[in-house]
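Please look over the model below before reading the points.

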Amino acid sequence: MTPLTAAETYLQDFHQRQVGVTSAAFSHLPASSRARGWASSYDVLTSLIPTADTPLSVLDLACGDGHLLSLLAARRQPRLQLLGADMSETELAAARAALPASVRLLLGRAQALDLPSASVDYLVSHMALMLMDDIEQVVREMRRVLRPAGQFAAIVGRTFLLGEVNDVFMRVFKPIASDALPSMRFGDRRAGSEAGWRELLDTGFADVAFDDIDVPWTPTPGELWTALLDTYDIDRLDDGARRRLRSALMEAMAPLQDGDGKIATGWGLRLVRARAA
(Lines give C-alpha, C1' and ligand atoms only; values in the text may rest on other atoms or scores of the structure.)
Protein backbone atom coordinates (compact mmCIF):
# COMPACT_ATOMS: atom_id res chain seq x y z
CA MET A 1 0.00 0.00 0.00
CA THR A 2 1.35 3.44 -0.99
CA PRO A 3 2.45 5.54 2.02
CA LEU A 4 -0.34 7.76 3.28
CA THR A 5 -0.23 11.53 3.09
CA ALA A 6 -0.45 13.59 6.29
CA ALA A 7 -4.17 14.15 5.78
CA GLU A 8 -4.77 10.47 5.05
CA THR A 9 -2.82 9.48 8.16
CA TYR A 10 -5.03 11.76 10.25
CA LEU A 11 -8.23 10.46 8.62
CA GLN A 12 -7.14 6.87 9.20
CA ASP A 13 -6.47 7.61 12.86
CA PHE A 14 -9.77 9.46 13.23
CA HIS A 15 -11.77 6.57 11.79
CA GLN A 16 -9.94 4.11 14.00
CA ARG A 17 -11.12 6.14 17.01
CA GLN A 18 -14.57 6.90 15.59
CA VAL A 19 -15.67 3.81 13.67
CA GLY A 20 -18.94 4.34 11.83
CA VAL A 21 -19.09 8.04 12.61
CA THR A 22 -20.32 9.02 9.13
CA SER A 23 -23.23 6.60 9.05
CA ALA A 24 -24.10 7.54 12.65
CA ALA A 25 -24.34 11.17 11.57
CA PHE A 26 -26.33 10.74 8.37
CA SER A 27 -28.19 7.42 8.27
CA HIS A 28 -31.05 8.50 10.56
CA LEU A 29 -31.75 11.92 9.01
CA PRO A 30 -34.07 12.40 6.00
CA ALA A 31 -32.67 14.11 2.92
CA SER A 32 -34.38 16.16 0.25
CA SER A 33 -33.85 18.09 -2.98
CA ARG A 34 -36.26 20.50 -4.63
CA ALA A 35 -37.84 17.60 -6.50
CA ARG A 36 -38.12 14.78 -3.95
CA GLY A 37 -37.19 13.31 -0.60
CA TRP A 38 -35.34 10.23 0.66
CA ALA A 39 -35.03 8.35 3.94
CA SER A 40 -31.38 9.48 4.17
CA SER A 41 -28.51 10.78 2.07
CA TYR A 42 -27.40 7.17 1.65
CA ASP A 43 -30.77 6.39 0.09
CA VAL A 44 -30.14 9.14 -2.47
CA LEU A 45 -27.38 6.93 -3.86
CA THR A 46 -29.08 3.55 -3.49
CA SER A 47 -32.14 4.91 -5.33
CA LEU A 48 -29.96 5.29 -8.43
CA ILE A 49 -29.13 1.55 -8.57
CA PRO A 50 -31.67 -0.42 -10.66
CA THR A 51 -33.73 -3.06 -8.87
CA ALA A 52 -34.15 -5.26 -11.96
CA ASP A 53 -32.83 -8.81 -11.69
CA THR A 54 -29.97 -8.36 -14.15
CA PRO A 55 -26.21 -8.80 -13.63
CA LEU A 56 -24.91 -5.62 -12.06
CA SER A 57 -21.78 -4.68 -10.14
CA VAL A 58 -21.68 -1.77 -7.68
CA LEU A 59 -18.57 -0.33 -6.04
CA ASP A 60 -18.91 1.82 -2.92
CA LEU A 61 -15.72 3.89 -2.88
CA ALA A 62 -14.65 4.78 0.68
CA CYS A 63 -17.38 2.49 2.00
CA GLY A 64 -16.56 3.01 5.69
CA ASP A 65 -18.55 0.69 7.93
CA GLY A 66 -20.59 -0.54 4.95
CA HIS A 67 -23.91 1.17 5.65
CA LEU A 68 -24.67 1.95 2.00
CA LEU A 69 -23.72 -1.59 0.99
CA SER A 70 -26.00 -2.99 3.70
CA LEU A 71 -28.94 -1.06 2.20
CA LEU A 72 -28.21 -2.61 -1.19
CA ALA A 73 -27.64 -6.09 0.26
CA ALA A 74 -31.05 -5.91 1.95
CA ARG A 75 -32.66 -5.90 -1.50
CA ARG A 76 -31.63 -9.54 -1.96
CA GLN A 77 -31.02 -9.16 -5.69
CA PRO A 78 -29.24 -12.44 -6.56
CA ARG A 79 -27.34 -10.97 -9.51
CA LEU A 80 -26.20 -7.80 -7.75
CA GLN A 81 -22.46 -7.94 -7.07
CA LEU A 82 -21.46 -5.58 -4.27
CA LEU A 83 -17.93 -4.30 -3.65
CA GLY A 84 -16.55 -1.84 -1.13
CA ALA A 85 -13.15 -0.17 -0.91
CA ASP A 86 -11.69 1.82 1.98
CA MET A 87 -8.24 2.68 3.34
CA SER A 88 -9.31 2.08 6.97
CA GLU A 89 -8.84 -1.48 8.24
CA THR A 90 -10.99 -0.64 11.27
CA GLU A 91 -13.94 0.57 9.21
CA LEU A 92 -13.65 -2.44 6.91
CA ALA A 93 -13.66 -4.77 9.91
CA ALA A 94 -16.95 -3.19 11.02
CA ALA A 95 -18.30 -3.57 7.49
CA ARG A 96 -17.24 -7.21 7.32
CA ALA A 97 -19.06 -7.94 10.59
CA ALA A 98 -22.27 -6.37 9.30
CA LEU A 99 -22.39 -7.49 5.66
CA PRO A 100 -23.06 -10.81 3.95
CA ALA A 101 -19.98 -12.80 3.00
CA SER A 102 -20.85 -12.29 -0.67
CA VAL A 103 -19.88 -8.61 -0.45
CA ARG A 104 -16.24 -8.17 -1.48
CA LEU A 105 -14.29 -5.64 0.58
CA LEU A 106 -10.94 -4.18 -0.51
CA LEU A 107 -8.34 -2.41 1.61
CA GLY A 108 -6.59 0.37 -0.27
CA ARG A 109 -6.48 3.96 -1.45
CA ALA A 110 -8.89 5.26 -4.05
CA GLN A 111 -5.89 6.34 -6.13
CA ALA A 112 -4.98 2.67 -6.82
CA LEU A 113 -7.97 0.35 -6.80
CA ASP A 114 -7.33 -3.39 -6.84
CA LEU A 115 -9.97 -4.04 -9.48
CA PRO A 116 -9.85 -4.94 -13.18
CA SER A 117 -10.48 -2.22 -15.73
CA ALA A 118 -14.06 -1.89 -17.02
CA SER A 119 -15.45 -4.19 -14.33
CA VAL A 120 -17.96 -1.95 -12.51
CA ASP A 121 -21.42 -0.80 -13.63
CA TYR A 122 -22.09 1.71 -10.84
CA LEU A 123 -19.55 3.55 -8.69
CA VAL A 124 -20.98 5.39 -5.69
CA SER A 125 -19.41 7.28 -2.80
CA HIS A 126 -20.85 8.99 0.28
CA MET A 127 -19.14 12.00 1.92
CA ALA A 128 -15.57 11.07 1.02
CA LEU A 129 -14.36 12.30 -2.36
CA MET A 130 -14.02 15.94 -1.29
CA LEU A 131 -11.46 14.79 1.32
CA MET A 132 -9.20 12.81 -1.01
CA ASP A 133 -5.69 13.81 -2.02
CA ASP A 134 -4.64 13.62 -5.68
CA ILE A 135 -8.28 13.79 -6.79
CA GLU A 136 -7.27 13.72 -10.46
CA GLN A 137 -5.79 10.24 -9.98
CA VAL A 138 -8.91 9.20 -8.07
CA VAL A 139 -11.05 10.29 -11.02
CA ARG A 140 -8.79 8.40 -13.43
CA GLU A 141 -9.18 5.25 -11.33
CA MET A 142 -12.94 5.71 -11.18
CA ARG A 143 -13.07 5.93 -14.97
CA ARG A 144 -10.70 2.96 -15.35
CA VAL A 145 -12.82 0.55 -13.32
CA LEU A 146 -16.15 1.73 -14.77
CA ARG A 147 -17.46 0.02 -17.86
CA PRO A 148 -18.26 2.25 -20.85
CA ALA A 149 -21.56 4.00 -20.03
CA GLY A 150 -21.12 2.99 -16.38
CA GLN A 151 -22.62 5.41 -13.87
CA PHE A 152 -20.87 7.49 -11.22
CA ALA A 153 -22.75 9.14 -8.34
CA ALA A 154 -21.39 10.73 -5.18
CA ILE A 155 -22.67 12.67 -2.21
CA VAL A 156 -20.15 15.36 -1.26
CA GLY A 157 -20.20 18.41 0.98
CA ARG A 158 -21.81 21.63 -0.24
CA THR A 159 -22.02 23.83 2.85
CA PHE A 160 -21.17 22.94 6.42
CA LEU A 161 -24.39 23.80 8.29
CA LEU A 162 -27.72 24.96 6.89
CA GLY A 163 -29.26 28.34 7.59
CA GLU A 164 -28.20 31.13 9.88
CA VAL A 165 -26.44 28.68 12.18
CA ASN A 166 -23.69 28.28 9.58
CA ASP A 167 -22.93 32.02 9.62
CA VAL A 168 -22.94 32.06 13.42
CA PHE A 169 -20.65 29.04 13.60
CA MET A 170 -18.15 30.45 11.10
CA ARG A 171 -18.06 33.81 12.88
CA VAL A 172 -17.17 32.10 16.15
CA PHE A 173 -14.97 29.33 14.74
CA LYS A 174 -12.63 31.26 12.43
CA PRO A 175 -10.83 33.35 15.09
CA ILE A 176 -10.27 30.30 17.27
CA ALA A 177 -9.18 28.18 14.30
CA SER A 178 -6.71 30.79 13.06
CA ASP A 179 -4.99 30.66 16.44
CA ALA A 180 -5.37 27.04 17.52
CA LEU A 181 -6.08 24.76 14.53
CA PRO A 182 -3.01 22.95 13.16
CA SER A 183 -2.58 23.53 9.43
CA MET A 184 -3.74 20.62 7.28
CA ARG A 185 -5.32 20.55 3.82
CA PHE A 186 -8.10 18.06 3.18
CA GLY A 187 -8.78 17.24 -0.45
CA ASP A 188 -8.85 19.48 -3.52
CA ARG A 189 -10.72 22.79 -3.60
CA ARG A 190 -12.30 21.77 -6.94
CA ALA A 191 -14.29 19.07 -5.15
CA GLY A 192 -16.17 21.85 -3.35
CA SER A 193 -17.87 23.41 -6.36
CA GLU A 194 -19.89 22.43 -9.43
CA ALA A 195 -17.39 24.18 -11.70
CA GLY A 196 -14.57 22.24 -10.08
CA TRP A 197 -16.33 18.93 -10.57
CA ARG A 198 -17.00 19.74 -14.22
CA GLU A 199 -13.28 20.35 -14.65
CA LEU A 200 -12.35 17.12 -12.86
CA LEU A 201 -14.83 15.03 -14.86
CA ASP A 202 -14.13 16.72 -18.20
CA THR A 203 -11.95 13.86 -19.42
CA GLY A 204 -13.59 10.46 -19.50
CA PHE A 205 -17.08 11.38 -18.31
CA ALA A 206 -20.21 12.87 -19.87
CA ASP A 207 -23.67 14.00 -18.75
CA VAL A 208 -22.33 15.63 -15.59
CA ALA A 209 -25.22 16.76 -13.39
CA PHE A 210 -25.77 18.12 -9.89
CA ASP A 211 -28.49 18.34 -7.25
CA ASP A 212 -28.43 20.24 -3.98
CA ILE A 213 -29.31 17.84 -1.18
CA ASP A 214 -30.37 19.20 2.20
CA VAL A 215 -30.34 17.17 5.40
CA PRO A 216 -32.46 19.27 7.75
CA TRP A 217 -32.15 18.83 11.51
CA THR A 218 -33.51 20.64 14.56
CA PRO A 219 -31.17 19.81 17.45
CA THR A 220 -30.71 21.59 20.73
CA PRO A 221 -27.43 23.53 20.92
CA GLY A 222 -26.04 20.74 23.10
CA GLU A 223 -27.00 18.07 20.56
CA LEU A 224 -25.43 20.08 17.77
CA TRP A 225 -22.22 20.51 19.77
CA THR A 226 -22.03 16.74 20.34
CA ALA A 227 -22.32 16.21 16.58
CA LEU A 228 -19.70 18.86 15.87
CA LEU A 229 -17.21 17.04 18.10
CA ASP A 230 -17.18 14.29 15.44
CA THR A 231 -16.09 16.67 12.67
CA TYR A 232 -12.46 16.74 11.61
CA ASP A 233 -11.55 20.35 12.35
CA ILE A 234 -13.06 20.39 15.83
CA ASP A 235 -11.52 16.99 16.58
CA ARG A 236 -8.10 18.49 15.79
CA LEU A 237 -8.46 21.37 18.27
CA ASP A 238 -6.83 20.95 21.66
CA ASP A 239 -9.02 20.73 24.75
CA GLY A 240 -8.65 24.40 25.64
CA ALA A 241 -9.63 25.59 22.17
CA ARG A 242 -12.64 23.26 22.15
CA ARG A 243 -13.80 24.67 25.49
CA ARG A 244 -13.47 28.22 24.18
CA LEU A 245 -15.35 27.31 21.02
CA ARG A 246 -18.16 25.59 22.91
CA SER A 247 -18.65 28.53 25.25
CA ALA A 248 -18.67 31.10 22.45
CA LEU A 249 -20.92 28.98 20.25
CA MET A 250 -23.51 28.30 22.96
CA GLU A 251 -23.76 32.04 23.61
CA ALA A 252 -23.99 32.91 19.92
CA MET A 253 -26.67 30.29 19.19
CA ALA A 254 -28.96 31.23 22.08
CA PRO A 255 -30.93 33.83 20.03
CA LEU A 256 -31.59 31.21 17.33
CA GLN A 257 -33.45 28.81 19.63
CA ASP A 258 -37.19 28.33 19.22
CA GLY A 259 -39.68 27.90 22.05
CA ASP A 260 -38.58 24.29 22.55
CA GLY A 261 -34.92 25.28 22.81
CA LYS A 262 -34.07 23.87 19.38
CA ILE A 263 -32.41 25.43 16.35
CA ALA A 264 -33.20 24.95 12.66
CA THR A 265 -30.13 23.75 10.79
CA GLY A 266 -28.74 20.59 9.18
CA TRP A 267 -26.10 19.65 6.63
CA GLY A 268 -25.79 20.95 3.06
CA LEU A 269 -24.74 18.26 0.58
CA ARG A 270 -24.35 17.94 -3.19
CA LEU A 271 -25.14 15.00 -5.46
CA VAL A 272 -22.67 14.68 -8.35
CA ARG A 273 -23.57 12.35 -11.24
CA ALA A 274 -21.86 11.44 -14.49
CA ARG A 275 -21.65 8.72 -17.12
CA ALA A 276 -18.41 7.04 -18.17
CA ALA A 277 -17.85 8.18 -21.75
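1. The structure holds twelve aromatic pairs. Rings of Phe, Tyr and Trp (its six-membered ring) count as a pair if their centres lie within 6.5 Å; planes under 30 degrees apart are stacked, over 60 edge-to-face, and the rest tilted. One of the pairs joins phenylalanine 14 and tyrosine 232, which are edge-to-face with 4.8 Å from centre to centre and 75 degrees between the planes. This pair links distant parts of the chain: phenylalanine 14 lies in helix H1 (residues 6–17) and tyrosine 232 in helix H10 (residues 232–235), 218 residues apart.

2. The model is predicted: local features need pLDDT of at least 70 and side-chain atom pairs count only at pLDDT 80 or more, while totals for chains, interfaces and linings use all residues. Residues are numbered from 1 along each chain as its sequence is written, and side-chain values use heavy atoms, with hydrogens and water left out.

3. Are phenylalanine 14 and tyrosine 232 buried or exposed? Both are buried (under 20% relative accessible area; exposed is over 50%, partly exposed in between; 1.4 Å probe, protein chains only). Elsewhere, Phe26, Phe160, Phe169, Phe173, Trp217 and Trp267 form one aromatic cluster.

4. The chain has eleven helices and nine strands, taken as DSSP runs numbered from the N terminus (helices H or I, at least four residues; strands E, at least two). A compact globule of 277 residues would have a radius of gyration near 19 Å, and the chain agrees because its value is 19 Å. This radius is taken over C-alpha atoms, and the globule rule is 2.2 Å times the number of residues to the power 0.38. Along the principal axes, the C-alpha atoms fill a box of roughly 55 × 40 × 40 Å.

5. Of the 277 residues, 51% count as buried. Among contacts (heavy atoms within 4.5 Å) with a separation of 6 or more, 76% are between residues 24 or more positions apart.

6. Isoleucine 176 is placed in helix H7 (residues 164–180). Why does isoleucine 176 count as buried? Isoleucine 176 counts as buried because its relative accessibility is 11%. Not counting residues up to four places away in sequence, isoleucine 176 touches Leu181, Ala241, Arg244 and Leu245. Glutamate 89 is 87 residues from isoleucine 176 along the chain, and their C-alpha atoms are separated by 33 Å.
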